Structures are given as structure tokens and as C-alpha cells.
Amino acid sequence: MSVPTVGGARLRRPNYRRRRNLGEAAALAFSVVVLIWTLTPIYNIVQVALEPHGDVFTNDVFPSKPSFESFWIVVTQGYWYLEYFWHQFGNSLYIGVATVVITLSVGSLASFAIGRMRIRYGWLVSNAALLTYVIPASFLAIPFYRIMGFYGLSNNLWSVIAAEVTFATPYAIFIFQQYGVSIPIELDEAARIDGASPLQVYFKIYLPLMAPAMVAVGTYALLLAWNEYLYQFLLLSSKKSMTVPVALAQFLNSDEAPWNYMMATAIVYAIPPVAIYYAFRRRMTAGLTMGGVKG
Amino acid sequence: MADVQVLRTAEAFAIPSDVKARRRPWRFGLQGSEFTWAIAFVIPYAALFLAFVAYPVLYGLWLGREPALYTELMSEPIYQRTVVNTILYLGIGVNLKMFGALLMSGFFMRRGWWVKGLLLIYVLPWAVPALPSFISIHWMLNGQWGLLNNALYNLFGVDGPGWLETSRWLALGSVIASHIWKWMPFWTVILLAGRMAIPQELYEAAEMDGATGVKRFTYVSFPLLANLYLVCTLLSTLFTLGDFNSVYFVSGGGPALSTHVLATLGIRDAFEIARPDLGVAVVMSALPLMIPLVILLMRKLHTTEVQL
């Protein structure tokens, strides 16, 4: 599938061209299959969201009379499940921003000490981070939930922030260490000889040069916190402290199941991360593959 | 939370640090107050790790310390089915996904604007948050009102089955397909980056020696990608083991609790039937699989560092 087969070298030209056209046609057909596979669930979200209320239980493949009513209901919080929608949206945003800020500061400070200052036993910290990275987060959820109770953080946004930071920081430390290798250590040394304190080296040399990695990790942490569900579901219980995904999943438990409102909510919730993803896609990939998978 | 967490990490891990040798500490080592500063810089992360990783892990081990819990689990039919599901989910899901990603990454090496355009659309499942997509798939597979059966009926006049309501195997298959739908694009992007890093000259040289078509793949691409592929598969196995969202939102463990995996059953036992110790035991029973995987992965990442 990967490469159009280029048979033996002695093929006559017309034959070769026919083969290539055939290959091109096959690739096109394959693309159509991939498109359908990829887009069907996403089309389904849009289709259900565009159905006017009450018309969800139909056998249509296309909405009979598309309407934006559901979106209007969501935006104006016109349904009892959605009464705190913007408040919950704000909670999601708050958690996201706090996670980014804390992850970036904790992660960059640690990688600076390990990677640049080469503190003794720094490898212990790296290994701890690597270990955290490979342990599935959902496996830690039960004790984590209990411990948040001990810390007196139940139903508090900060418990979620703590969870997101815990699982985003290991990734940050790796990226920073990998990226930091490309910054000459001589810069740090020159600054030190001129009498800069480690704090100054960190702020004036390390951070500015790490900007691309910071963008990549920041985006990663923001999306992680925005998209994550399990911890937010377990740790936040009141309507006012909930985040959007938790509220969204609550719909599922209601008897009435207003599917069109739910899907409209889902779209409003999904737009920011998708936009951010596509906006920073190139930068993230470029920044990370730079030293990346090349030999 | 494997969710976005996965985001391009394999790439980050896959770095051959040829530069490592010339990395050295600040000249003359750390002096005087610098050492204090270094300690102060590490403390926030150390505190974070102790408070939110080490403590929960130890507390979890303590919660699941009773051997009686495990004998109780073993005799439970739900648990036995869950173990089978988890093995199938990992065995089929991960391998299909990774092999599919390998093929897709080859496809995306083609030239042409529409292939690039397709790639942009193809990564959409990964860019969209898990929750909306999985809820959508859940509704799409509804036997009576779902889009899939509507389409089957309108196109072919076939009455589709209730994908999630009737049979365990259909439901489990749907969950695996949803997982692949969501995560294959991510691994495709990783493997694509791996393929792009293979120098073009290698292919040219191989072509001179007569390696074209399939041979090109078996003698050039695959040997160079094998290590990356292995590391990605290991990572993906661990992430899939902890995948909560696909199962929870697509099948919800149903019909009749027959499609749970360890990650969802643990949460169910701990919070729905209020037996946290049992929930922890469910999760801990994955350790015999997890520990070797983790050791293997950490070694791979440390020693070989995926050379291309």
C-alpha cells in the first residue's frame, strides 16, 4: 500500500504509466474509505446537534430540517442541565490555565537543575518522572481520590489541578531535557563567569531559549487538562464546581436524554481544543521532532 | 488520562542523544550557594511526586494488601470475563492499531496535495476530545435510532443489530474499533515522523541494488523502523491498559457487565458498589503484566534510545 509498485526495470513505458494510474486510482479509493471511517462519528455529532428538539429519534441519515436551536439553548443556558454551562466552561478554563502555569514552572525548574546544573542524583528525579509517565493514570485514581479527602481538597478545583499537573509534569521534564541539550552549556558558563546567579541564568538564558519547547509543553498541558475526564468526574461533585466534560457525561444518566443539546454542548466544548491543536500543530511537531526521530 | 497525554511523547522518547556524551555539568561543578539553588529548583517537583504519586501508590498498595481480596476476585465471574476482555482488548486493539498506523504512515508518505489534506482530516479523531466522540459513537451504534443502522437500512435495506445492547462480542468489537478510531492517527503521526527521518539516499542505494516495492519495505523501511515500532507498541500497550474512556462511554461495560476491562471495573467496584479495596485489588491484578512492560520500556528508552 505504501508505495506504488514499480515493477521490473524493463517494463515498456505505456504499461508503466497505466500501472501508475491504477495505483493512483487505488489510492484515491482508499482515501475515500479513510475519510468515511474518520468522519462518520464526527458527522454524527453535528447531525444530532442540528436536529430540532424532539426529532432525535428518527431514521434519517441527514437532518430533516437543520436548526441551530440546540446551540442557542446551550449558549443561553436554556435547559436545566445547562444552567451553569458558562460557569462550568470557566472552571475548565481555570483548571487548564493553572495546569499550564504550574506544569511549566515546576517542570522547567526541575529540568534546569537536572539538565543544566547537573545536580547529583538528578537521574533519580528523571526516573521518577519516567515511571509516572508510564503508569496509567486511571490506575491511580482510587487512592488519589482518598488522599484528596485527607488533604481536605474534596470537591475543590485545586484537587483536579493537582492531578493534571502530576500527570503533565513528567512529560514536561522529558521534553525540556531533550530540548535543552540543543542549547550550548557555554552560554550558562559565560553568564556565571560574569557573576550571574543560577536564578538569573534560569530567567535570562534558559527560559528565553526554551520558548519553543515551552509552547509545545504548554499546549500539551492545556489540552490534557481540558480533555481529561476521569479525575474531574471523581473529584468534582457539585454543579458549580463541575467542568464541562463532567456536566456533559451527566446528560447520559438523565432519563430524558436530550441528545441534541448534549451534542451541541459537545461541539462547543470541542471547538477550543481542536482550534488550539490545529493552530499549534506545526510548532508542536516541528519543535519535538527536531532532535526527534532522526539519526 | 492517557488521552492527550500520549501526545507525541513517543517522538520525544525516540531521541537518539548522540549529544549526550558532550553534555557536561557547569564547569568547576556547583559552587557554594549554587548547590542550594539547585536543590531549591528540584524541590517543587520532588514534593509533587511525593504527595501525588508516591503517597497514592503506597496507599493503594496498603488498601489492596489482603490476600482474601484476590481470592474473592478470582471466584467472581464478572472479574474473570473482565480479564479475558482486557487481554483481547490489548492483544487485538493494540496490534491492529499499531499495524494499521504503520501502513497508514506509509500511505501518507505519498506525494500530492490531497494526501496532505487527507492527513489533516485524518488526525481529527485525535484532536477532538475523547468524550464527545465516544458519546457520539455510543449513540451512533444504538440499535434503533443510531446513524449506523439507519444508514445500513437506507442503503442496503438491512436491519442492523443492536451493536451495544445484544451481544458481548459485538459490544467488545465496537469498543476496540472506537479505540482504534481514536488512537490510530496519533501513532500514524509518530511513525510518519520516523519514516520521514529515513534518509532518501538509503532508498536510492537500495533501488540500485534492485530492492523495489515490497523489498524496499522489508529490507529498508522496516529494519529502520523496527525499534521505534517496538517502543511505540509497548507504550501503547500501557496506555491502552489504562484506557478508561473508550470502554466507559462506548459500551459502559454492558451488556450485563460483560465488556468491562480492568481500568473500568476498578472504578466501578470502588465507586459504584463502594468497595475501594476491591477496586484497588482489580487494578493491582494488572501488575504482573504491567511490571515487566514498564521494566522493558524503561530499559529500552534508557539504553538504546531508538536509533534510526
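Of the 308 residues in chain B, 46% are buried. The model is predicted. Chain B is built from helices: there are 16 of them, and 0 strands. Take the contacts in chain B with a separation of 6 or more; residues 24 or more positions apart make up 72% of them.

B:Tyr229 sits in helix α12 of chain B, which covers residues 213-241. Is B:Tyr229 buried or exposed? The count of neighbours settles the matter. B:Tyr229 has 20 other C-beta atoms within 10 Å, so this residue is buried. The cut-off for that label is 20 or more.

Which residues does B:Tyr229 touch, leaving aside those up to four places away in sequence? They are B:Met98 and B:Leu102. B:Met184 and B:Tyr229 are 45 residues apart along the chain. Their C-alpha atoms are separated by 13 Å.

Now turn to the partner chain. On the chain B side, 96 residues are in contact with 92 residues of chain A. Which helix of chain B gives the largest share of the side that touches chain A? That is helix α3, residues 33-63, with 18 residues. The make-up of this side can be read by class. The side of chain B that touches chain A holds 70 nonpolar residues, 17 polar residues and 9 charged residues.

Notes. Residues numbered from 1 in each chain as written. Chains lettered and ligands numbered in written order. Predicted model: local features only at pLDDT ≥ 70, side-chain atom pairs only at ≥ 80, totals over all residues. Helix = DSSP H or I, 4+ residues; strand = E, 2+ residues; numbered from the N terminus. Buried ≥ 20, exposed ≤ 12 C-beta atoms within 10 Å, placed from the backbone. Contact = placed C-beta atoms within 7 Å. Nonpolar A, V, L, I, M, F, W, Y, C, P; charged D, E, K, R; others polar.
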